[in-house]
Amino acid sequence: MKKRILSIALACAMIVASFAGCGGGTTTSTDAGSAAGSDASQAATETKKIRVAWWGNQVRNDRTTKVLKMYEEKNPGVKFETEFSDWSGYWDKMATEAAANSMPDIIQMDYQYIKQYVNKKQLADLTPYVGKQLKLDDVSQFSVDVGKFNDKLYGVSLGVTSPAMIYDIDSVQQAGVTLKNGMTMSEFIDAAKKIKEKTGKTCDFVYSDGETMMEYLVRGQGKVLFQDGKLGIDSSKDVLPFFQLFEDGVKGGYLTSAEDLDASVGTGIEQGLLVLGKQWEVMTTSNQLSAYAAAAKDKKLGIVTWPVGDNDTQKAMFLKPSMYFSVSAASKNVEECAKVIDFFTNNAEAYETLLTDRGVPVSNKVQEAIKPKVDESSKQLFDYISAIESECSDTNPPPPAGMTEVATLAHNLTEQVVYQKLTAQQAADQFFTQANAILKKAAG
Amino acid sequence: MNYTQRKKIGTVIYHILICFFGIVMIYPLLWMVMSSFKDNTEIFTNAKSLIPKTFELTNYSTGWAGFGGISFSVFFRNSFVICILATVGTVISSAVIAYGFSRCNFKLRGFWFACMIVSMMMPFQIIMIPQFIIFKQLNWVGTFAPLIVPYFFGLPFGIFLIMQFIRGIPRELDEAAKIDGCSIYGIFVRVILPLIVPALVTTAIFSFMWRWDDFLAALLYLNKPSFYPVSLALKMFSDPSAQSNWGSMFAMASLSLIPIFVIFITMQKYLVEGISTTGMKD
Amino acid sequence: MTIKQKLNRESTAGYVFILPFIIGFLAFTIIPIFFSFALSFTSYDVLSAPKFIGIDNYVQMFTNDSKFWKSMGVTFYYALVSVPLRLIFALLVAMILVRPSKASGVYRAIYYLPSIMGGSVAVAVLWKRLFASDGAINALLQLVGIPCKIAWLSNTSTAIWTLIILAVWQFGSSMLIFLSGLKQIPVTYYEAATIDGAGKMKQFFSITLPMLTPVIFFNLVMQLINGFMAFTQCYIITQGKPLDSTLFYTVYMYQNSFQFNQMGYGCAMAWVMLLIVALLTGVLFKTSNNWVYYASK
């Protein structure tokens with residue numbers, strides 16, 4: 001008996017050791033030089049191992065992997081190691097890897113996070129490669145600018161998106177109302193009341209992520225919610241309209257019930273209130289249109305801009321990068337990474353595989369090339385983006401550190417308004433003082 | 001009504017009650033399995049009904065295809081390798097350590113025991129960054145080692161559980177073996193081990209299940225998707241900001257329950273039978 | 001004394017047996033624990049180097065963070081209610097299922113299944129539907145004649161109960177341990193008791209319960225620790241809603257550490273919880289001398 005246990009233990013230890021041995025070098029990016037000798041390529045003197053990380057679903061994982069394989073075939077000597085995970089796991093992993101100084105070479109970045117990573121010097125400056133390995137001539141000025149911080153390029157936007165309201169065309173027609181780009185908030189609310197009366201369906205103003213709507217409304221007043229690491233507004237008056245939307249909505253009965261709103265937070269599009277038929281609209285971003293179309297096959301969906309404030313002095317709509325590719329500051333192959341990003345930006349062939357998974361392509365040439373090949377909802381998306389471009393004003397700078405906590409605060413206060421524990425005025429006052437405190441702490 | 005009739009009726013009621021509550025217990029599982037046969041859009045719009053409008057097997061085929069060309073057969077293989085090795089390590093080491101804690105008197109025993117209990121109270125999210133750095137220094141990141149090797153040094157849960165069982169075994173048995181010339185080590189192997197089989201089996205079931213479900217450690221320590229276990233792969237069917245493939249997720253989640261279920265069914269026999277000399281009778 | 005004799009001495013043998021634990025503890029556990037302790041005195045956003053700020057995190061926590069107290073309260077309530085309920089339920093079902101019957105293997109598996117499903121998405125989805133105002137629970141209450149329109153999950157006083165019920169529903173792991181504990185009680189004890197004319201009830205209180213105390217104690221300690229460290233239930237089902245009435249301490253700690261970039265604060269929170277749980281566990285161990293019966297003593 002004793003002998004048997006010992007031998008099992010020994011065998012296990014050996015198996016473990018063999019696993020531990022076989023992949024030991026994955027944390028550095030250029031330790032595979034020895035394998036390059038057997039490579040048939042004449043250009044490559046050594047194999048460049050490049051780790052590429054992104055978050056995404058089955059579709060994105062498949063398509064991105066395929067495009068990377070295409071790149072490998074075209075560039076012998078480059079070997080990709082892909083790392084993908086789900087959205088929330090992705091950021092936990094990135095934080096941990098950043099702390100251990102072992103980030104992947106190419107990192108998919110989000111607008112919400114990129115500034116932090118830039119500020120903490122985790123990302124490489126791509127400016128030296130622009131015009132050479134990384135060509136941005138066909139890319140719209142907007143898409144280039146959103147990757148720049150202190151005049152240096154830290155990320156290339158992979159797709160364009162914008163705030164958008166996706167709605168159920170049948171419900172709207174049933175109530176005999178029409179929706180259009182740039183309608184005012186009171187027009188929208190009148191429509192919402194009628195639709196509620198006729199169909200029983202309700203509406204929402206981005207309950208789950210209210211900070212986006214708040215920021216949008218503040219923009220209409222010619223102000224920026226976050227500026228220089230603090231609130232860019234002078235008093236609670238500027239955020240009052242946001243909380244007022246919810247207070248009035250509850251009183252008027254056209255806002256979705258607190259119960260349903262709460263149940264829908266964080267559950268994904270397929271369990272969303274539009275798909276389940278409880279709501280007639282959802283305010284989100286335009287790149288989600290195809291996901292909504294796929295999830296609500298029984299509905300005909302339309303897309304228009306978010307309503308704008310009644311007394312707006314400035315265009316509130318804006319374009320936003322859906323996600324970026326950035327390069328780790330610790331990468332030993334920044335040049336090659338720039339080439340890879342170029343491939344993802346300018347190669348029409350690559351986009352035949354990628355399609356609009358990451359939003360409308362940033363290169364005008366690529367857009368033209370793939371337009372005939374995309375499905376109905378993607379076409380709708382292309383048209384929407386080109387229709388609203390003139391409605392947009394400059395994009396806000398990326399949010400400062402502490403923004404997630406402020407967004408959580410905004411959500412908690414909205415929740416209290418919806419549950420009628422706070423009036424809109426109280427919520428606005430609390431938001432103003434507490435958000436300032438949070439940002440001050442985060443900056444300090 | 002005579003005694004045997006009463007007893008029979010009692011037995012019938014016993015089974016009916018157990019079955020009724022059993023349905024309550026497994027309803028979510030049934031729902032998940034049935035949903036895996038539904039069309040992706042039907043899952044939530046027709047959630048009240050267990051029966052799909054049309055039986056679809058496509059969720060299984062698209063799900064099994066996996067991500068980026070890596071199918072679920074790879075994920076399952078990885079899960080098995082990790083879970084089996086980690087479980088073997090857990091059971092062996094925990095039994096050994098538990099014996100030391102419960103049958104030997106040594107200096108600082110209380111201290112080490114306290115260390116073990118306290119180590120269960122640190123949330124993984126808090127220690128994961130320093131632990132990641134340690135494993136990185138060991139050059140283990142990107143391999144299965146961080147998911148397996150630590151379990152060869154005992155699992156506090158298993159150690160404590162087995163300790164409680166050993167402490168329930170009368171000391172006279174040890175003394176008798178000692179008189180027969182057994183060493184402390186001999187007593188462990190010949191006397192104690194056979195008596196704690198139920199505890200070992202319980203530890204094994206738990207260890208296997210926990211390793212099977214654990215995705216956070218896998219997320220951190222594994223890089224290549226071809227090394228991912230099932231638990232981590234399942235996460236990737238959902239993307240809250242884009243399209244999620246719930247049908248495939250439920251399909252693969254249903255499949256991923258099968259191994260744990262089989263392990264449980266086969267192992268629980270040993271729980272019941274245990275050792276012929278011990279065990280509770282009706 | 002030869003080496004063999006030395007090794008055979010109880011104190012040496014003890015260290016030989018627990019050596020794997022000591023190695024593992026020193027290699028993988030102690031450093032991270034100390035590291036987190038050190039970080040609790042810093043402001044650390046993970047992406048850049050930690051900054052020493054003394055006890056500011058702790059001061060902030062106790063004087064200026066209402067969510068800290070709220071989540072602490074929620075966690076205490078959850079742990080202190082769900083743990084006893086779960087254990088009683090588990091023991092009850094274990095007693096019923098220990099009856100040897102042809103079907104008992106299947107029954108055990110069925111009652112264990114909810115625990116296998118753990119914190120999966122399917123459970124999260126169903127739990128929300130079950131407790132919706134038009135969900136199955138209210139429909140069931142309607143059937144028994146209690147008209148009920150409560151939206152369980154959006155009512156601040158009932159929402160936490162949906163999580164407690166989930167914890168009780170997943171009693172399988174405790175049940176399994178009780179089952180194996182029950183199986184370890186020697187049959188001879190019961191035979192002797194039957195000869196002495198002791199009834200079923202008497203047997204339960206004079207044999208089963210005392211003999212089971214080591215296992216009960218084990219379950220109590222483990223469930224208490226798990227109860228205070230519960231994370232998944234809140235994270236996947238309620239996310240603290242409504243109005244933070246179900247915000248678990250660990251979830252708030254996680255938010256601070258990773259979402260709000262305040263790892264230092266998160267570490268401080270972890271240490272406060274560690275001290276509380278360690279204290280409670282210590283008290284349990286102290287009292288265990290009075291009620292836990294070990295055959296080996």
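**Exercise 1.** Determine the handedness of the crossing of H6(B) and H2(C), and describe how the two helices pack.

*Solution.* Step 1. The crossing of H6(B) and H2(C) is right-handed; a crossing is left-handed if the near helix is turned anticlockwise from the far one by less than a right angle, and right-handed if clockwise. The model is predicted: local features need pLDDT of at least 70 and side-chain atom pairs count only at pLDDT 80 or more, whereas totals for chains, interfaces and linings use all residues. Residues are numbered from 1 along each chain as its sequence is written, and chains are lettered from A and ligands numbered from 1 in the order in which they are written.

Step 1. Axes are lines fitted to C-alpha atoms, for helices over the stretch in contact, and angles run from 0 to 180 degrees between N-to-C directions.

Step 2. From H6(B), Ile126(B), Ile127(B), Pro130(B), Gln131(B) and Ile134(B) meet Phe28(C), Ile31(C), Pro32(C), Ile33(C), Phe35(C) and Ser36(C) of H2(C). Two residues are in contact if their C-beta atoms, placed from the backbone, lie within 7 Å. The contact of H6(B) with H2(C) has nine nonpolar, two polar and no charged residues; Ala, Val, Leu, Ile, Met, Phe, Trp, Tyr, Cys and Pro count as nonpolar, Asp, Glu, Lys and Arg as charged, and the others, Gly among them, as polar.

**Exercise 2.** Which element gives the largest share of the side of chain C that touches chain B?

*Solution.* Step 1. In total, 76 residues of chain C are in contact with 78 residues of chain B.

Step 1. Several helices of chain C give two or more residues to this side, including H2 (10-39), H11 (200-228) and H14 (263-291).

Step 2. H2(C) provides the largest share, 20 residues.

Step 3. By class, this side of chain C has 54 nonpolar, 17 polar and five charged residues.

**Exercise 3.** Characterise the contact between chain A and chain B.

*Solution.* Step 1. Chain A contributes 48 residues and chain B 42.

Step 1. At least two residues each come from H1 (2-22), H2 (58-74), S2 (78-85), H3 (87-99) and H11 (289-295) of chain A. H1(A) supplies the largest share, with 10 residues.

Step 2. The side of chain A that touches chain B has 21 nonpolar, 18 polar and nine charged residues.

**Exercise 4.** Describe the packing of H4(B) and H8(B).

*Solution.* Step 1. H4 (residues 72-103) and H8 (residues 156-167) of chain B pack at about 50°, with axes 8 Å apart. These helices are therefore oblique to each other.

Step 1. The crossing of H4(B) and H8(B) is right-handed. Among the residues that make the contact are Thr90(B) and Val91(B) of H4(B) and Gly158(B) and Ile159(B) of H8(B).

Step 2. The residues of the contact divide into 10 nonpolar, four polar and two charged.

**Exercise 5.** Which strands stand at the edges of the sheet of three strands in chain A, and why is one side of each left without a neighbour?

*Solution.* Step 1. The open sheet has the order S11-S8-S12 in chain A, with antiparallel pairing; two strands pair if DSSP finds at least two bridges between them.

Step 1. S11 (281-285) and S12 (301-304) of chain A are the edge strands; each has a single partner strand, so one side of each is left without a neighbour in the sheet. The twist averages 30° from one strand to the next.

Step 2. Five bridges join S8(A) (residues 163-168) to S11(A), which run antiparallel. Ala164(A) stands opposite Thr284(A) in S11(A).

**Exercise 6.** How many residues of domain 1 of chain A are in contact with domain 2 of chain A?

*Solution.* Step 1. The domain assignment gives domain 1 (47-160 + 321-386) and domain 2 (163-317 + 401-443) of chain A; such bounds come from an automatic or database domain assignment.

Step 1. The C-alpha centres of domain 1 and domain 2 of chain A lie 29 Å apart, and 12 residues of domain 1 are in contact with nine residues of domain 2.

Step 2. H15(A) gives the most to the side of domain 1 that touches domain 2, with six residues.

Definitions and conventions: Helix = DSSP H or I, 4+ residues; strand = E, 2+ residues; numbered from the N terminus. Parallel < 35°, antiparallel > 145°, perpendicular 65-115°, else oblique.
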